[in-house]
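Dear colleague,

I am handing over the structure below, and after it you will find my notes on what was found. Please read them alongside the coordinates.

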Amino acid sequence: MAMEVHWYDFVCFGIVGVAFCGSLWVIWKKEGSGKYEDKTMYESLLVARPDSEGYIGATRLGHVSSSQLWRSCWRGVHPVWLLLLRSVSFFVMVGFLIWDVLKWDASIFIYYTEWTFSLVIVYFALGSCMSAYGCWVYSLKPNSENGVTEDLEDSSWSSTATAVTFRAQEIRGTIKLQSHYDQEAIQRRAGSLGYLMQIAYQTSAGAVILTDIIFWCVIVPFLSNAHLGLNMLMGCMHTLNAFFLILDASLNSLPLPWFRLSYFVLWSCIYVIFQWVIHAFGFPCGHTLSSSFQLHGHLYGISAWLFFTSPATGSSH
């Protein structure tokens, strides 16, 4: 083992351990056994309801309706635009990640930048799946509703209107019956994937901010280009992730509950532990490791403060 352990290393172990356990506690408290909202009704991401006209039950804090995974926050914007944005973002970022691996080989994944970049890719992959599902759901409603409207407008007798209405309801019931099992299976998958998508989205938001701010505000100004080797690939790797994520955030309707910053802290702690492990086997970590301890510690303190003071958590302490 190439790693030498000093007394101050145990302080670092303690900081990361407290942050890791604290994150798990917050996640368990809010996701696993958290309180229910008494006045607000939500649809769970884990258990999707089989019909839009069915029962809506109260679920734990932070859960959102499955439609928020693919609907835009802007009224009148078709879900296909969000699907297009997420799909283009996914393929462009995959292309740059492949370029990065071909240039530096797979060992490039020891860096936090590649971890974050890959996580954003995972989010856009899940988001594309959810948007494709949402476009399918969205396409079912206008057809039946428009059919009823057009038939009623063309009818001038009440008896004909009644017959058309009955026929439209019969067709709608047939469509629901035919697609019942398919929708039930897809919605179960949408619930699980939607939950993972929400976690990836929240984790990416914190990780991208951390990565890009450190790179452009700390590393680039204080290191010479000869030592840093800044090029187009490196610049894009520290720009595209934030660019596409901000575009998606400006268009989607996903909320950002503060307690899910714990996933970002957990993600960062896992990376630090990973760095310890590879350093123990002889891989150099440099000064980025100690700076990661300090940055993650400060960010965890900020997120904890926001968690306990923000009304968005919906709980009293």
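Tyr8 lies in helix H1, where helices are DSSP runs of H or I of at least four residues, numbered from the N terminus. At 42% relative accessibility Tyr8 counts as partly exposed, a class that falls between buried (under 20% relative accessible area) and exposed (over 50%), with a 1.4 Å probe and protein chains only. Together with Trp7, Val11 and Ile15, Tyr8 makes a nonpolar surface patch of about 460 Å²; patches are made of residues with over 30% relative accessible area and no salt bridge, with like charges joined within 9 Å and nonpolar side chains (Val, Leu, Ile, Met, Phe, Trp, Tyr) within 5 Å. The areas come from the Shrake-Rupley method with a 1.4 Å probe, and for residues only the protein chains shown count as cover, while a salt bridge is a side-chain nitrogen of Lys or Arg within 4 Å of a carboxyl oxygen of Asp or Glu.

Please bear in mind that this is a predicted model, in which local features need pLDDT of at least 70 and side-chain atom pairs count only at pLDDT 80 or more, whereas totals for chains, interfaces and linings use all residues. Residues are numbered from 1 along each chain as its sequence is written, and side-chain values use heavy atoms, with hydrogens and water left out.

Ser72 sits in the loop between helix H1 (7–32) and H2, and it is buried, with a relative accessible area of 16%. A polar atom of the Ser72 side chain lies 3.1 Å from the backbone nitrogen of Trp74, and a polar atom of that side chain lies 2.9 Å from the backbone oxygen of Leu251. Leaving aside neighbours within four places in sequence, Ser72 is in contact (heavy atoms within 4.5 Å) with Val77, Leu251 and Ser253.

For helix H2 (residues 79–104), the 26 residues should span 38 Å at 1.5 Å a residue, and the end C-alpha atoms are 38 Å apart, which agrees; the expected span is 1.5 Å times one less than the number of residues. Just after H2, Asp105 takes a positive phi of about 70°.

Of the 20 residues of H9, 14 are buried, so this helix is largely enclosed by the rest of the structure. Tyr263 is found in H9 and, at 11% relative accessibility, counts as buried. Leaving aside neighbours within four places in sequence, Tyr263 is in contact with Ile27, Glu31, Tyr195, Ile199 and Thr203. The C-alpha atoms of Tyr263 and Ile199, 64 residues apart along the chain, are separated by 6.9 Å.

With best regards

Terms used: Helices (H or I, at least four residues) and strands (E, at least two) are DSSP runs, numbered from the N terminus. A polar contact is a pair of N or O atoms within 3.5 Å; within protein, one must be able to donate a hydrogen and the other to accept it, and residues adjacent in sequence count only if both atoms are side-chain atoms.
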